Amino acid sequence: MSIHLDAGLSRAGDTLPDDFLTYLADYLARFNSCAGFGTKNRSRNVKIESMRDPKGIPVYAVYRAVGGSCPPDCALLDAGCYAQQGNVNIHQKRGNAETFNPVRWALGLPQGALIRWNVSGDVVGADGALYREAIRVSHTLRPDLRGWSYTHAWDRPEILAWAQSLPDNVRIVASLDDPKDKDRAQAMGWRTVAHVVETADGKGYTDPEARETRAGGSLPCPAQRVDVGCADCLACSRDGVIAFAVHGPGQRTARKALAKRRRSEKKERAERSDRFRSLAARRSLPTIGA
Ligand code: SF4
C-alpha cells in the first residue's frame, strides 16, 4: 500500500483531520521493526561524503546486518565482503542488534540530504519486503532527498520490479559478482549496474587500469582514483556501469571467492551443455536410424 501526500498539506497553518493523522501514524508504525539503523549525524565516511566541500550536501547512511539481509548465495558472504571488515563491520554488527523505522528516520533528515541505503547488508531477508517498501515510501514522501544503494539480489524478479517502482530520487544498482553478467542485467532492465575488477594493488586504479576499464564500457569508481566522494560524484544514482576495484583488507579472499564462483558457474554451464548434447543425441537416434 502506498500513500501520496500533497506537498501543500505540510504548510504551516494547515489543519489536518484527526482521522487522517491517526491513519498516518498507524501507517508509519508498520515500518518500526526494520533491522539496522540510520545514522543520526552526517556521514564521516571519506568514500561517501564530499571530499571537495566538507560543508556540502550531507550524506546519511543506513547499516544493516550482513548475512540476515543478504542473498545467501552471494559469493562474497563470509568470503571477503568489504562490509565484514574494519569500521563497516562494527556498524553492521550493531545493525544486527537494532531495529529502526527508516521512514521516520528519513522524514527527520535535513532538506536535500543524500541517503546511502544499506552501506552494509542488502534488501532481502526476513524483513526485506518491509525495508524495500520503507525506501519507496521515504523517497515518495520526501522528493527532496536523493538516495542510492546496491543489491546482490539483482536476478530476483521481485527485486527488479521493486527497483523499477521507485521514484526518480532513489536508485538501486545491480551489484554483479561477475562482469560477464552485465549484458544480462541490463537486458533484464537494470539501468545502473556495478561490478568488481581486479587491479594490481587491489585498492584503486593506475591510469592504464582506469583507461582499460573505461574502454570496456565501465566507469572506474572515481572515489578509488582521485579525491572524490560519492556526494561529489553520484554516478551510482544515474544510468551506467560502474567498476569497483576489489577493495578492503579482505580483497584477497574476495578475489578467490569470485574466481571460485566463476569456475563453478563455468563447470555448471559445461555440465548443462553436456547433458543437453547427450539428450539431443539420444532423441535423434531413432530418426537417424529410420
Ligand atoms: S561511482 Fe561515484 S557514486 Fe558510485 S561509489 Fe564511486 S564515487 Fe560513489
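Two strands are said to pair if DSSP finds at least two bridges between them. Helices (H or I, at least four residues) and strands (E, at least two) are DSSP runs, numbered from the N terminus. Residues are numbered from 1 along each chain as its sequence is written. The model is predicted, so local features need pLDDT of at least 70 and side-chain atom pairs count only at pLDDT 80 or more, while totals for chains, interfaces and linings use all residues.

**Confidence and overall view**

Begin by colouring the model by pLDDT, the predictor's confidence in each residue, from 0 to 100. The protein averages a pLDDT of 86, and 84% of the residues score at least 70. Select residues 1-9, where pLDDT stays under 50 and the model has seven contacts beyond four places in sequence; two residues are in contact if their C-beta atoms, placed from the backbone, lie within 7 Å. Select next residues 286-290, where pLDDT also stays under 50 and the model has zero contacts beyond four places in sequence. Where pLDDT is low, the predicted coordinates should not be read in detail.

Now switch to a cartoon view, which shows nine helices and 10 strands. Of the 290 residues, 39% count as buried. A residue is buried if 20 or more other C-beta atoms lie within 10 Å of its own, exposed if 12 or fewer, and partly exposed in between, with C-beta atoms placed from the backbone. Among contacts between residues at least 6 apart in sequence, 70% join residues at least 24 apart.

Select the open sheet of eight strands, whose order is 2-3-5-6-7-8-10-9 with mixed pairing. Its edge strands are strand 2 (37-38) and strand 9 (219-220), each of which pairs on one side only.

Move to strand 5 (residues 114-120). Seven of its seven residues are buried. Strand 3 and strand 5 pair in the parallel sense over four bridges, and Tyr-63 stands opposite Ser-120 in strand 5. Strand 5 also pairs with strand 6 (residues 146-151) in the parallel sense, over three bridges; here Arg-116 stands opposite Trp-148 in strand 6.

Continue to strand 7 (residues 170-176), which is largely enclosed by the rest of the structure because seven of its seven residues are buried. Display its side chains: Val-170, Ile-172, Ala-174 and Leu-176 lie on one side, and Arg-171, Val-173 and Ser-175 on the other. Strand 6 and strand 7 pair in the parallel sense over five bridges, and the bridge partner of Gly-147 in strand 7 is Val-170.

Strand 8 (residues 192-197) and strand 10 (residues 240-245) pair in the parallel sense over six bridges. Within strand 10, Ile-242 is the bridge partner of Ala-194.

**Core and ligand**

Which members of the largest nonpolar core touch the most other members? Select Ala-134, Val-173, Ala-174, Val-193, Ala-194, Ile-242 and Phe-244, out of 64 residues in that core. A nonpolar core is a set of buried Ala, Val, Leu, Ile, Met, Phe, Trp, Tyr and Cys residues joined through C-beta atoms within 7 Å. Centre on Val-173: not counting residues up to four places away in sequence, Val-173 touches Trp-148, Tyr-150, Thr-192, Val-193, Ala-194 and Cys-236.

Select the ligand next. Around the ligand are Cys-221, Pro-222, Ala-223, Val-228, Cys-230, Cys-233, Leu-234, Ala-235, Cys-236 and Ile-242, each with its C-beta atom, placed from the backbone, within 6 Å of it. This shell divides into 10 nonpolar, no polar and no charged residues. In that division Ala, Val, Leu, Ile, Met, Phe, Trp, Tyr, Cys and Pro count as nonpolar, Asp, Glu, Lys and Arg as charged, and the others, Gly among them, as polar.

**Single residues**

Asn-118 has a positive phi of about 30° although it is not a glycine. Asn-118 counts as buried because it has 25 C-beta neighbours inside 10 Å.

Asp-78, in the loop between strand 3 (59-63) and helix 2 (86-97), has a phi near 60°. Asp-78 is partly exposed, with 13 other C-beta atoms within 10 Å.

Pro-110 is found in the loop between helix 3 (102-107) and strand 5. Is Pro-110 buried or exposed? It has 11 other C-beta atoms within 10 Å and is therefore exposed.

Finish at Thr-140 in helix 4 (residues 128-141). From Thr-140 to Asn-169 the C-alpha to C-alpha distance is 8.4 Å, across 29 residues in sequence.
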